[in-house]
Amino acid sequence: MSVEKIIGDWKKGSFKPIYWLEGDEPYYIDQIVNYAEKRLLTESEAGFNLTIFYGRDASWSDVANTCKRFPMFAERQVVILKEAQYMKDIAKLESYCEKPQPETVLVISYKDKKLDTRTKFGKAIKKNAEIASFKKIYDNKLPEWIGNRVKQLGYQTTPKAVMLLAEHIGNDLSRIENELNKLAVNLTDNKTITEDEIETYIGISKDYNVFELQRAVAGKDLPRVISMIQYFDKNPKAAPVQVILPTLYNFFSKTSMVFYAGNGEAAIASALGVHPFFAKDYMAAARLYGHAGVDKTLLLLHAYNLKSIGINNGGASESDLLKELMVKLMS
């Protein structure tokens, strides 16, 4: 069950007595909870008919008793249980969930966990609730998600701007949403988000970032790579080594697929699952490094990832480890 389906049903006046929202992606859970809190009731109705509990503090009996009440001066009441994963005796809500109050909409936010539908409580939820489970988005799907979200906000963007956000922020959808909203506030007349706007309003350098480092490594531009590492050493938040190494490993893992992906940018982009704009970077890396060179690069990246966490690194700094790695990669 998607966010759009649940909220769409609510807009049509169609309600289930219980909504169970679970999973390790809080962005979608928060969207549904926020809508339930702010939009299901009018301001005057909410004063009597909106109750919010928090799992750390609330008792199951208080939640159940509140849900059993009848709404006042409204068609329904809304009860929201946030942080339900912290409620000790949540399974005791089973008796209410077996026979929920039709005039009550109970919304339960159960983050980072999943319901065990084999238990009596789980079976009661499955019987009478709408269950929505949200998983973290995969990294390779993140650029597409960002591009679609930008369009939904009424803007256009460039592939490079999308990659800057994806590589710098990662799959924290709530943070990406906040940054996009920040851009929307500042871009009053301009409807296109480029790397210049990303740098100005979010603070991600368009020249010194993981994405540009990746391109420099792919092109074996050692002077540029060393210059960027020195910048990162002085600005550690710009690109931590814990971000750099997995990003490069992912890039060269996809580069290894180029040798079997057929000919042409379109075919390679499809096989690698990347935007056609970036296919030429993988193709260039494949030409420069060759099949054996890509295999060697993957082994080196794995070895230096271990060194970055303190295994056989001889006490070298992160900057020195990166410089040493890059020289070996490009030799």
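In what order do the 5 strands of the open sheet lie? They follow E2-E3-E4-E1-E5, with parallel pairing. This is a predicted model, in which local features need pLDDT of at least 70, side-chain atom pairs count only at pLDDT 80 or more, and totals for chains, interfaces and linings use all residues. Residues are numbered from 1 along each chain as its sequence is written, and side-chain values use heavy atoms, leaving out hydrogens and water.

**View 1. The edges of the sheet.** Strand E2 (50-54) and strand E5 (129-134) are the edge strands, each pairing on one side only. Here strands are DSSP runs of E, at least two residues, and helices are runs of H or I, at least four residues, numbered from the N terminus; two strands pair if DSSP finds at least two bridges between them. E2 runs parallel to strand E3 (residues 77-82), joined by 5 bridges, and Thr 51 stands opposite Val 79 in E3.

**View 2. Strand E1 and its neighbours.** E1 pairs in the parallel sense with E4 over 6 bridges, where Gly 23 has Lys 111 as its bridge partner. E1 also pairs with E5 in the parallel sense over 6 bridges, with Ile 18 opposite Ala 129. On one side of E1, Ile 18, Trp 20 and Glu 22 are buried, as are Tyr 19, Leu 21 and Gly 23 on the other; buried means under 20% relative accessible area (1.4 Å probe, protein chains only).

**View 3. Helix H6 on the sheet.** Helix H6 (residues 120-128) packs on the sheet and touches E1 and E5, contact being heavy atoms within 4.5 Å. Its direction makes about 105° with that of E5, using axes fitted to C-alpha atoms, for helices over the stretch in contact, and angles from 0 to 180 degrees between N-to-C directions.

Methods: Buried means under 20% relative accessible area, exposed over 50%, partly exposed in between (1.4 Å probe, protein chains only).
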